[in-house]
Amino acid sequence: MTVHRWQTLFPFPPRYFQVGAARLHYVDQGPATLAAASGQPAARETLLLVHGNPTWSFHWRKLIGAFEDRYRLIAPDHIGCGGSDKPRDYPYTLAQHVANLCALIEHLQLRDITLIAQDWGGAIGMGAAVALPSRFRRFILGNTAAFRSNQMPWRIAACRLPGVGRLAVQGMNLFLRAALRMALQHPDRLTKAERAGYLAPYDNWPHRQAIYRFVEDIPLRASHPSYSKLLEIETGLRQFRDSPVQLFWGMRDWCFTPHFLERFVEFFPAGEVHRFADAGHWVFEEAHQEIAERIGAFLRNHPLASKPAEMFTRP
């Protein structure tokens, strides 16, 4: 079997969960194997990494590598993305993605979750937290939103134009190819192998339908099918006002601009904020080393309440 160079950057064993008629791929990485071999309890704390559009769990490879010796890291691919199934007839909606994530959380019996999310992962991840609040303890968000907004950059709006938008996004893969340049302030820092890794799951028209459907699913008006779900998530945010929150923001992001950061600060005024003046939308990619250090300090400074360690199992 041919091993492509990008696969050496993402050496994590694939795992799958059947959610309805579709198979969801996820990474489940951490010290569990060593713990099982030694007879010691496995890591209790879970870092749940939720990607956005047009990426997949590959986006989290560096953070997984930074924390896999201490924490259990779960990084799912939304249906239609990454290594998950990409069914043609599927409700690619915010509500469905939230329901899928909730199903995975319950299937894996995850507790004491620290959510790490970016882009659409913010709405999906916070949607799961609103639905299952007792399972979440800390929140780390970057260049994302989990509330309503009527702001849409013209680059995104153009992708929603009837006919031509779908041809560009799903047919020509221009949305992802543009993201490899426009989502970073310094796109030249992505290696050829890293670019190949982002592109790999989206190699033909059928495999790119979720990218287009995410764009289509942005709810700007109350008449949009996903508007009520986003409102529900927004309304539920305030219950986490006193939870430990860490916000990372690439200040050169033309999509989730600093305006979105200030909205999050309104919801989480005690949150720890880190602004990166020289980073764009993919802040976890561009500032990964500093972010990993700050996440490590954040987790140490906000320890979970002492409880007996709980073993976790992998189905």
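Tutor: Contact means heavy atoms within 4.5 Å. The model is predicted, so local features need pLDDT of at least 70 and side-chain atom pairs count only at pLDDT 80 or more, whereas totals for chains, interfaces and linings use all residues. Residues are numbered from 1 along each chain as its sequence is written, and side-chain values use heavy atoms, with hydrogens and water left out.

Student: Which residues does methionine 126 touch?

Tutor: Leaving aside residues up to four places away in sequence, methionine 126 touches Leu115, Gly121, Phe139, Leu141, Ala146, Ile233, Leu237, Phe240 and Phe268.

Student: Which residues touch the most other members of the largest nonpolar core?

Tutor: In soluble globular proteins, nonpolar side chains tend to be buried together. A nonpolar core is a set of buried Ala, Val, Leu, Ile, Met, Phe, Trp, Tyr and Cys residues joined through side-chain atoms within 4.5 Å; buried means under 20% relative accessible area, exposed over 50%, and partly exposed in between (1.4 Å probe, protein chains only). Here the largest core has 98 residues, and Met126 and Phe136 touch the most other members. Helix α4 (residues 120-131) supplies the largest share of this core, 7 residues. Helices (H or I, at least four residues) and strands (E, at least two) are DSSP runs, numbered from the N terminus.

Student: Is aspartate 112 buried or exposed?

Tutor: Aspartate 112 is buried, at 3% relative accessibility, whereas glutamine 109 is exposed at 58%. Aspartate 112 also has a positive phi, of about 50°.

Student: Which peptide bond is cis?

Tutor: The bond from asparagine 53 to proline 54 is cis, with omega near 10°.
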